Amino acid sequence: MITSAQIRAARALLRWSASDLSAASRVGTATLQRMEVMEGVPAGQVRTLQAIKMALEAAGVEFVGTPEDRPGVRLVGNTKHN
């Protein structure tokens with residue numbers, strides 16, 4: 001799983017707006033914004049979190065750590081971002 005802080009950090013690394021991530025993940029903007037303000041692993045459907053994670057990974061984000069142990073993000077390889 002990924003944390004709300006990781007989602008926010010990944011968007012910042014990519015310089016993506018919530019709308020950019022919404023389009024890439026096919027998750028509604030309001031849902032993304034709700035998830036980003038939660039603490040820890042956001043409450044929601046697993047498939048929604050997977051869609052967000054997959055979209056960010058496709059753009060070059062790597063998720064590191066675990067929600068319990070030093071969660072973070074970094075850019076890897078060729079990135080496709082706005």
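Contact here means heavy atoms within 4.5 Å. By that criterion, residues 24 or more positions apart account for 57% of the contacts in the protein chain with a separation of 6 or more. The model is a predicted one, in which local features need pLDDT of at least 70, side-chain atom pairs count only at pLDDT 80 or more, and totals for chains, interfaces and linings use all residues. Residues are numbered from 1 along each chain as its sequence is written, and side-chain values use heavy atoms, with hydrogens and water left out.

The protein chain contains 4 helices and 2 strands. Helices (H or I, at least four residues) and strands (E, at least two) are DSSP runs, numbered from the N terminus. Along the sequence, the pattern reads α-α-α-α-β-β.

The radius of gyration, taken over C-alpha atoms, was compared with a globule rule of 2.2 Å times the number of residues to the power 0.38. A compact globule of 82 residues would have a value near 12 Å; the protein chain has 11 Å, which agrees. The C-alpha atoms fill a box of roughly 30 × 30 × 20 Å along the principal axes.

Accessible areas were computed by the Shrake-Rupley method with a 1.4 Å probe; for residues, only the protein chains shown count as cover. The protein chain exposes about 4,900 Å². Carbon and sulfur atoms supply 49% of that area. Residues are classed by relative accessible area: buried is under 20%, exposed is over 50%, and partly exposed lies in between (1.4 Å probe, protein chains only). Buried residues make up 35% of the 82 residues.

In soluble globular proteins, nonpolar side chains tend to be buried together. A nonpolar core is defined as a set of buried Ala, Val, Leu, Ile, Met, Phe, Trp, Tyr and Cys residues joined through side-chain atoms within 4.5 Å. The largest such core has 17 residues. Within this core, L21, I52, L56 and V61 touch the most other members. Two or more residues each come from α1 (4–14), α3 (29–36), α4 (46–58) and β1 (61–64). Helix α4 gives the most, with 4 residues. Not counting residues up to four places away in sequence, V61 touches A10, L14, L56, V73, R74 and L75.

Charged side chains were counted next. Lys and Arg count as positive and Asp and Glu as negative, while His and the chain ends are not counted. The place of a charge is NZ of Lys, CZ of Arg, CG of Asp or CD of Glu. The protein chain has 10 positive and 7 negative side chains. The centres of the two sets lie 6 Å apart.

Two arginines have a positive phi. R15, in the loop between α1 and α2 (18–25), has a phi of about 60° although it is not a glycine. R15 is exposed, at 72% relative accessible area. R26 lies in the loop between α2 and α3. Its phi is near 60°, again in a residue other than glycine. R26 is exposed as well, at 79% relative accessibility.

K53 sits in helix α4 and is partly exposed, with a relative accessible area of 31%. Leaving aside neighbours within four places in sequence, K53 is in contact with I2 and F63. The C-alpha atoms of K53 and S25 are separated by 8.2 Å, at 28 residues apart along the chain. D20 belongs to helix α2. D20 is partly exposed, at 25% relative accessible area. Its C-alpha atom is separated by 14 Å from that of G60, 40 residues apart along the chain.
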